[in-house]
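Take a look at the model below. This report walks through a sheet, some charged pairs and a surface patch.

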Amino acid sequence: SRSESIRLVGDGLALGGIAKKHKKQDPSVINATLGTLYDEFGNFYRMKYVDEVIKNFDDDSFYQYSTSDGGPDFSDAAIKWVFGDELSKFSDMGIKCVATPGGTGAVNNALYIAMDANETLLLPDLYWAPYLKMAEINKVNVSNYTMIVNNKFNFEGFKEKALEIVSKENKLVTILNDPCNNPTGYSLTNDEFINLIEFLNGLNVPCTVVYDIAYFDYHVDGMKSCREKFALMNKANENV
């Protein structure tokens, strides 16, 4: 029943194809449909190190079917890349790498698993627009809190909306796009992050935080600093 009313009338890739055709006809057209990387001369950006590795594959390695999740070497490398030097602090948390169709697929799958139809997803008022489409697809409602007040994260606003949802549904699901929130670029401080976790701990109901780290390597404090924040998750109780 989740899928009965869903009709796919066009996606980013389809729109990208249309934009490419327009650009061939008119070079002044700017194709802003997809998050693809081009160099200063408008050429598609290639990673020379990846090219070098691919050149050295034998036919059996290159053309055979690969595992859909990348295999254990890839999964281990992905986990080590995400957590870096902080990984040892999570040894008892059962971390796994799960294959999804991109980061969008990861967030959508999380909502599908964590929520039933007609439940309420808590989002800030400034968020990446596809979250709303994911909520629609999963048939869940959305409640918003004002994200920034006086140039700081609006913790009181988050609490107020969260308590409203918990009082009706006895659970909470929220997406935290951090660090480098899209579209604001805002990054929670360690104190703000701890305050959030301690608040959720105190709710004593199931709380799912979908921690969307899509832009964490762009953190102004550097790649090491943003990974140190992960260790704060150890402060979460079992309900979170």
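Helix H5, residues 102-114, lies across strands E1, E5 and E6 in this predicted model. Relative to E6, helix H5 runs at about 175°.

Now the sheet itself. Four strands form an open sheet in the order E2-E1-E5-E6, and their pairing is parallel. Strand E2 (141-145) and strand E6 (207-212) are the edge strands, each pairing on one side only. From one strand to the next, the twist averages 25°.

Strand E1 (residues 120-124) runs parallel to strand E5 (residues 172-177), and two bridges join them. Which residue of E5 is the bridge partner of Leu 121? The partner is Val 173.

Next come the charged pairs. Side chains of opposite charge can pair when their charged atoms come close. The whole structure holds nine salt bridges.

| Glu 52 | Lys 55 | 3.4 Å |

Asp 178 is in the loop between E5 and helix H8 (190-203), and Lys 229 is in the segment after helix H9 (223-228), so the pair ties together parts 51 residues apart in sequence. Are these two buried or exposed? Asp 178 is buried, at 1% relative accessible area. Lys 229 counts as buried too, at 4%.

Glu 52 and Lys 55 lie three residues apart in helix H2, so about one helical turn separates them. Glu 52 is partly exposed, with a relative accessible area of 43%. Lys 55 is exposed, at 62%.

The patch covers about 930 Å², and its members include Leu 37, Tyr 45, Met 47 and Phe 57. Which helix gives the most to the patch? H2 does, with three residues. Helix H2 (48-55) and helix H3 (59-63) each supply at least two. Met 47 is found in the loop between helix H1 (12-25) and H2.

How values were computed:
Residues numbered from 1 in each chain as written. Predicted model: local features only at pLDDT ≥ 70, side-chain atom pairs only at ≥ 80, totals over all residues. Heavy atoms only, no water. Patch = residues over 30% accessible without salt bridge, like charges linked within 9 Å, V, L, I, M, F, W, Y side chains within 5 Å. Areas by Shrake-Rupley, 256 points an atom, 1.4 Å probe, with all protein chains shown as cover. Salt bridge = Lys/Arg side-chain N within 4 Å of Asp/Glu carboxyl O. Pairing = 2+ DSSP bridges. Axes fitted to C-alpha atoms, helices over the stretch in contact; angles between N-to-C directions. Contact = heavy atoms within 4.5 Å. Buried < 20%, exposed > 50% of the residue type's maximum accessible area, 1.4 Å probe, protein only.
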